[in-house]
Amino acid sequence: MADVFYPPVAFHFSITLDGALGNSPDASFQEVSGIKVEFGTEDVVEGGQNQFAHRLPTQAKYANLVLKRGVVVAASPLASWMSNTLGSQLTRPIRLRELMVTLQNEQHDPLINWRFVNAYPVRWETSSLNAMENAILTETMEFAYHYFERAVIDRRPVTAVGR
């Protein structure tokens with residue numbers, strides 16, 4: 001029970017696309033960023049009230065989801081989706097998909113899920129090819145989406161009530 005309050009590590013996570021990918025090389029990422037939502041505000045001035053303006057919330061704004069990994073040289077459903085979407089030059093409809101980021105504990109059990117609804121690729125970048133560096137070739141994939149939902153997986157043991 002004490003481990004419920006112990007903060008999890010941020011380096012053990014997985015990515016799924018439409019509920020698939022699992023432990024394939026296509027799902028191995030070194031960094032996930034952009035899990036962010038915020039309300040904007042609108043100031044409304046009330047006549048006769050000069051001490052303050054009412055600050056009212058506006059629509060939520062979501063940051064783009066950014067995934068970074070080493071380039072995968074095998075067949076990749078994620079890379080195919082990126083290529084088909086960004087390479088179409090908007091001549092075909094964009095296929096909206098669901099991305100899931102799952103934070104895991106040391107036993108690979110899920111702790112928190114972030115489900116990104118109606119995601120689509122907006123940027124795909126490959127790191128520089130440089131003969132003077134000893135670095136892994138990486139790619140950055142960026143996705144827009146409608147919204148995300150966060151779910152904490154409760155791992156506390158079930159206890160009998162009323163005994």
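**The helix and its surroundings**

Guide: In helix 1, the residues L78, A79, W81, M82 and T85 are buried. Buried means under 20% relative accessible area, exposed means over 50%, and partly exposed lies in between (1.4 Å probe, protein chains only). Helices (H or I, at least four residues) and strands (E, at least two) are DSSP runs, numbered from the N terminus. Viewed along the axis of helix 1, its buried residues fall within an arc of 160 degrees, so they line one face of the helix. That arc is taken from the directions that run from the helix axis to the C-beta atoms. An α-helix has 3.6 residues a turn, so residues three or four places apart point the same way.

This is a predicted model: local features need pLDDT of at least 70, side-chain atom pairs count only at pLDDT 80 or more, and totals for chains, interfaces and linings use all residues. Residues are numbered from 1 along each chain as its sequence is written, and side-chain values use heavy atoms, with hydrogens and water left out.

What do the buried residues of helix 1 pack against? They pack against strand 1 (13-17), strand 5, strand 6 (97-104), strand 7 (110-126) and strand 8. Just after helix 1, Q89 takes a positive phi of about 55 degrees.

Now the whole chain. The protein chain has 1 helix and 9 strands. From the N terminus on, its elements run β-β-β-β-β-α-β-β-β-β. Of its 163 residues, 29% count as buried. Among contacts with a separation of 6 or more, 63% come from residues 24 or more positions apart. Contact means heavy atoms within 4.5 Å. The accessible surface of the chain comes to about 11,500 Å², and 53% of it belongs to carbon and sulfur atoms. Accessible areas come from the Shrake-Rupley method with a 1.4 Å probe; for residues, only the protein chains shown count as cover.

Next, the core. The largest nonpolar core has 21 residues, of which L99, F116 and F143 touch the most other members. Two or more residues come from each of strand 1, strand 5, helix 1, strand 6, strand 7 and strand 8. Strand 7 gives the largest share, 5 residues. A nonpolar core is a set of buried Ala, Val, Leu, Ile, Met, Phe, Trp, Tyr and Cys residues joined through side-chain atoms within 4.5 Å.

Take L99. L99 lies in strand 6. Its relative accessible area is 0%, so L99 is buried. Leaving aside neighbours within four places in sequence, L99 is in contact with I15, T16, L17, L65, W81, W114, R115, F116, A119 and F143. W81 is one of the buried residues of helix 1. L99 and Y145 are 46 residues apart in sequence, yet 9.2 Å apart in space, C-alpha to C-alpha.

D18 forms a salt bridge with R97, the closest N and O atoms being 2.5 Å apart. The pair links distant parts of the chain: D18 is in the loop between strand 1 and strand 2 (31-33), R97 is in strand 6, and 79 residues separate them. R97 is buried because its relative accessible area is 13%. D18, at 37%, counts as partly exposed. A salt bridge is a side-chain nitrogen of Lys or Arg within 4 Å of a carboxyl oxygen of Asp or Glu. The structure holds 8 salt bridges. Further, E98, R115 and E149 are linked in a network of salt bridges.

Strand 8 is another packing partner of the helix. T138 has its place in strand 8 (residues 138-144). T138 is buried, with a relative accessible area of 12%. Beyond neighbours within four places in sequence, T138 is in contact with Q30, K68, R69, G70, V71, E125, T126 and S127. E125 also meets R123 in a salt bridge between side chains (2.3 Å, N to O). R123 counts as partly exposed at 32% relative accessibility, and E125 as partly exposed at 41%.

Last, the surface. V73 lies in the loop between strand 5 (65-70) and helix 1 (77-87). V73 is exposed, with a relative accessible area of 85%. V71, V73, L129 and L137 make a nonpolar surface patch of about 410 Å². Patches are made of residues with over 30% relative accessible area and no salt bridge: like charges are joined within 9 Å, nonpolar side chains (Val, Leu, Ile, Met, Phe, Trp, Tyr) within 5 Å.
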